[in-house]
Amino acid sequence: MENTETISVMSEEDPFQDISDDELKKLIDDAIRSNEVLSTETQMFEKYLHRIEPRDSGSIQPLQHPGAGSLHVDKSLAHRMRTKIRLSQGDKSLKLNAEQKCDIAQRELEELRDDIDKMKEESEKVMDTLKAVMEEADMRLSEMRKESYEFERDIVKGSVNHRTNKVIAEKCMRYFEDKLRTRDALIEKLRLKNSQLKVQKKKLMMQLRQKEEMGEVLNEVDFNQLKIENQQYLEKIDERNQDLLRLKLMAGNTLQVLNSYKKKLLTLTKESARLKSEISFRQEMDSRIQAETAIVEVERTKAEQINKKLRKQLSNFKVPGVMEYVREKAQMYELQKKVKSWERKVDIAEMALHTHRKTWQQKQARNPISSQW
């Protein structure tokens, strides 16, 4: 009997005894999600209170909602709300309605946007500062490299005494004095420019003050519009700079190709002039050889005719008397000498012709261009 009463009491105290494990897990997940939502809302409301309370000396600013009335929440009410939420766990918890949550979320969203805009402005200022520092560092680095190169050129290499291999002190001192004078002139120039900019700034401030007095100052919308236009113009300038850089690269490449073609054209022009002179020389040599060959051919023809005539006479020879035989024999010897002499001349002419032909064939084999001529 006592055991039955104990079981009934335990069942009354544990309301989740009859629920299955899946349903209990689902209830736990729902409770975790609702707790996360409530935690997020609580954090947002605490941020709102921490931001509003230091601004107001005695009361919290009313939350405005479009289409609804003003929500007046003072500091004591917020304090009581937090106190009740912390201390009275068994009491009914205070909750904000949907309109108040929307107002707080809207305020937090606006504050978050303002913070993002401020961070963007600060980051832009930091980026501008870093860009200016980098540009200044690049300028100083280029100036240092230029000065180092000039110092090495003018002092380390240009002012060395060839006899002692030491730097001449007078040139070194003169170099540093020139540099100091140049630096002083630059400082004076920058000082004058700075004074001009100050005067210009003062004039602009006076004009701005006059516009403020006359009510012609631009408002925030105009400044935003000018900023947008400035950004658009900057983007166009960047595009034009990219186009200009691309065109400069194309012009450089075209100039390199043009220079290479000019070099090739100069080389081919020189080669053409050389070949023309060589062709004219060989044509002249060919004309001389052909003239000599024609003369030799005429002489050879005459010699052959004489030789045929003499051989014909020799074939019709009859034995004369002794004295006539002696005379004829003497004439024959003389004629044979003349024939041998002419034959020798013909052989020499043929050898010369053969030599000239061989030389001409060798030259034609070495230079196929002359064969086209």
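Asp 128 counts as partly exposed because its relative accessibility is 49%, where buried means under 20% relative accessible area, exposed over 50% and partly exposed in between (1.4 Å probe, protein chains only). This is a predicted model, in which local features need pLDDT of at least 70 and side-chain atom pairs count only at pLDDT 80 or more, whereas totals for chains, interfaces and linings use all residues. Residues are numbered from 1 along each chain as its sequence is written, and side-chain values use heavy atoms, with hydrogens and water left out.

Asp 128 belongs to helix α4 (residues 98–157); helices (H or I, at least four residues) and strands (E, at least two) are DSSP runs numbered from the N terminus.

The largest nonpolar core consists of five residues, Phe 45, Tyr 48, Leu 49, Ile 52 and Ile 104. Such a core is a set of buried Ala, Val, Leu, Ile, Met, Phe, Trp, Tyr and Cys residues joined through side-chain atoms within 4.5 Å. Helix α2 (residues 21–52) contributes the most to this core, namely four residues.

Asn 367 counts as buried because its relative accessibility is 19%. Between Asn 367 and Ile 279, the C-alpha to C-alpha distance is 9.6 Å, although 88 residues separate them in sequence.

As for the whole chain, it holds eight helices and zero strands. Of its 373 residues, 10% count as buried.
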